[in-house]
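User: I would like to learn how to read strand pairing and helix packing from a model. Please start with the terms.

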Amino acid sequence: ILIDGGPDNEVLRELGRFLPFWQRQLDLLILTHEHEDHLFGLAELTRRYRIKVFLKNKIDYEKPVAAYLRESLALNQTKIIGAESGMVFKFDSGCFLSVLAADKGADLLANDYSIVTLFNCLDKKILLTGDAGVAIEQEIVASGNDIRADILKVAHHGSLSANSLAFLKLVRPKAAVISVGADNKYNLPAPLILDRLKKLPVDIYRTDKWGTVEFLANNKLIKLIKTSKNN
């Protein structure tokens with residue numbers, strides 16, 4: 001499973017680190033929403049890997065890179081699915097991925113169409129939020145779903161538009177991963193969000209400081225094993 005592709009082709013190098021050279025297939029590729037910092041890396045990736053299923057929200061982004069991606073998926077003969085809340089994708093060993101949000105009303109911001117998913121495997125959970133904001137957090141909380149997770153991918157790069165304290169307290173993660181570029185012009189993650197996470201308390205891992213973050217899980221525990229900056 002791959003979720004989002006980043007703002008450049010660095011995702012190809014990272015996949016090469018984790019997959020053997022003969023493994024050229026992804027079972028499920030998810031684009032949380034079609035903003036270029038999540039989309040760009042997928043365009044070239046879909047020319048080099050076979051994608052069995054592509055999951056997207058129901059809004060098409062009218063930019064050249066999005067058109068290139070759609071063309072590539074068509075050549076790939078990839079099955080394309082429009083995400084809806086309540087969808088569940090099942091995998092081996094009893095692992096499954098649930099869609100918690102994806103199909104909200106048109107009055108919301110584009111980020112709020114982000115596909116929010118909860119991955120459950122070996123009774124360990126990872127909550128992946130895209131750029132969904134506080135309005136979507138409130139919808140997820142109101143749904144009554146159990147959103148407790150061992151790992152949280154912090155929403156919208158640690159922005160104040162998301163990551164409400166009420167939501168974070170319900171998730172109760174042991175680790176929070178913030179995907180964010182170094183010295184970004186938005187000064188993310190926001191200091192207030194970092195303070196909220198520290199008060200939970202939770203271990204915080206930032207890609208701008210830690211590089212790639214890798215966890216190992218079995219049916220007893222889940223733990224950080226290395227980052228690309230401490231190899």
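Analyst: Two strands pair if DSSP finds at least two bridges between them. Helices (H or I, at least four residues) and strands (E, at least two) are DSSP runs, numbered from the N terminus. This is a predicted model, in which local features need pLDDT of at least 70, side-chain atom pairs count only at pLDDT 80 or more, and totals for chains, interfaces and linings use all residues. Residues are numbered from 1 along each chain as its sequence is written, and side-chain values use heavy atoms, with hydrogens and water left out.

User: Which residue of β4 is the bridge partner of Leu 55?

Analyst: Strands of a sheet pair through backbone hydrogen bonds, either parallel or antiparallel. Here the partner of Leu 55 is Ile 81. Strand β3 (residues 50-56) and β4 are parallel, with four bridges.

User: In what order do the four strands of the open sheet stand?

Analyst: The order is β1-β2-β3-β4, with parallel pairing. β1 (2-3) and β4 (79-82) are at the edges with a single partner strand each, so one side of each has no neighbour in the sheet. Helix α2 packs on this sheet and touches β1, β2 (25-30) and β3 (contact means heavy atoms within 4.5 Å).

User: How is a pair of packed helices described?

Analyst: By the angle between their axes and the distance between the axes. Axes are lines fitted to C-alpha atoms, for helices over the stretch in contact, and angles run from 0 to 180 degrees between N-to-C directions. For α2 (residues 36-48) and α3 (residues 64-76), the axes come within 9 Å and cross at roughly 35°.
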